[in-house]
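Biologist: Hi! Could you walk me through this one? I'd like to ask things as they come up.

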Amino acid sequence: MKLDSTVLEVLACPDTHHAPLDYDEEASTLTCTQCRRVFRVDDGVPVMLLDEAKTG
């Protein structure tokens with residue numbers, strides 16, 4: 001499921017640096033441009049929990 005472009009504009013990494021995220025629609029993931037953590041997107045809902053993110 002594709003994320004709305006407005007949602008993508010306001011999402012940021014939940015870590016203290018709040019860096020922007022890159023969206024990979026095919027993989028259903030969001031990747032932090034600074035720390036490279038990878039957050040999954042489940043059924044169009046970003047899972048923005050640091051303890052559930054994978055390091056990229």
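This is a predicted model: local features need pLDDT of at least 70, side-chain atom pairs count only at pLDDT 80 or more; totals for chains, interfaces and linings use all residues.

Biologist: Thanks. Where is histidine 18 found, and what is its phi?

Modeller: Histidine 18 sits in the loop between α1 (5-10) and β1 (21-24). Its phi is near 50°, a positive value in a residue other than glycine. Aspartate 43 also has phi near 50°, again positive without being glycine. That aspartate is in the loop between β3 and β4, and at 71% relative accessibility aspartate 43 counts as exposed.

Biologist: And histidine 17, what does that one touch?

Modeller: Histidine 17 is in contact with Cys32, Gln34 and Cys35, leaving aside neighbours within four places in sequence. Contact means heavy atoms within 4.5 Å. Histidine 17 lies in the loop between α1 and β1 and is partly exposed, with a relative accessible area of 25%.

Biologist: How far is histidine 17 from cysteine 32, C-alpha to C-alpha?

Modeller: Their C-alpha atoms are separated by 9.9 Å, with the two residues 15 positions apart along the chain.

Biologist: Let's zoom out. Which elements does the chain have?

Modeller: There is one helix and there are five strands, in the order α-β-β-β-β-β from the N terminus. Helices (H or I, at least four residues) and strands (E, at least two) are DSSP runs, numbered from the N terminus.

Biologist: How compact is the chain as a whole?

Modeller: The radius of gyration is 10 Å, close to the 10 Å that the globule rule gives for 56 residues, so the chain is as compact as a globular protein of that length. That radius is taken over C-alpha atoms, and the rule is 2.2 Å times the number of residues to the power 0.38. Along the principal axes, the C-alpha atoms fill a box of roughly 25 × 20 × 15 Å.

Biologist: What share of the residues is buried?

Modeller: Of the 56 residues, 27% count as buried.

Biologist: So which residues form the largest nonpolar core?

Modeller: That core has eleven residues: Leu3, Leu11, Cys13, Ala19, Leu21, Leu30, Cys32, Phe39, Val41, Met48 and Ala53. β2 (29-32) and β3 (37-42) each supply at least two residues of this core. By nonpolar core I mean a set of buried Ala, Val, Leu, Ile, Met, Phe, Trp, Tyr and Cys residues joined through side-chain atoms within 4.5 Å. In soluble globular proteins, nonpolar side chains tend to be buried together.

Biologist: Tell me about methionine 48. Where is it found?

Modeller: Methionine 48 is in the loop between β4 (45-46) and β5 (54-55). At 18% relative accessibility, methionine 48 counts as buried.

Biologist: What are its contacts, leaving aside neighbours within four places in sequence?

Modeller: Methionine 48 contacts Leu11, Ala12, Pro14, Leu21, Leu30 and Phe39.

Biologist: Last one. Which residues does threonine 29 touch?

Modeller: Not counting residues up to four places away in sequence, threonine 29 touches Asp22, Tyr23, Asp24, Val38, Phe39, Arg40 and Val41. Threonine 29 is in strand β2 and, at 15% relative accessibility, counts as buried.

Methods:
Residues are numbered from 1 along each chain as its sequence is written. Side-chain values use heavy atoms; hydrogens and water are left out. Buried means under 20% relative accessible area, exposed over 50%, partly exposed in between (1.4 Å probe, protein chains only).
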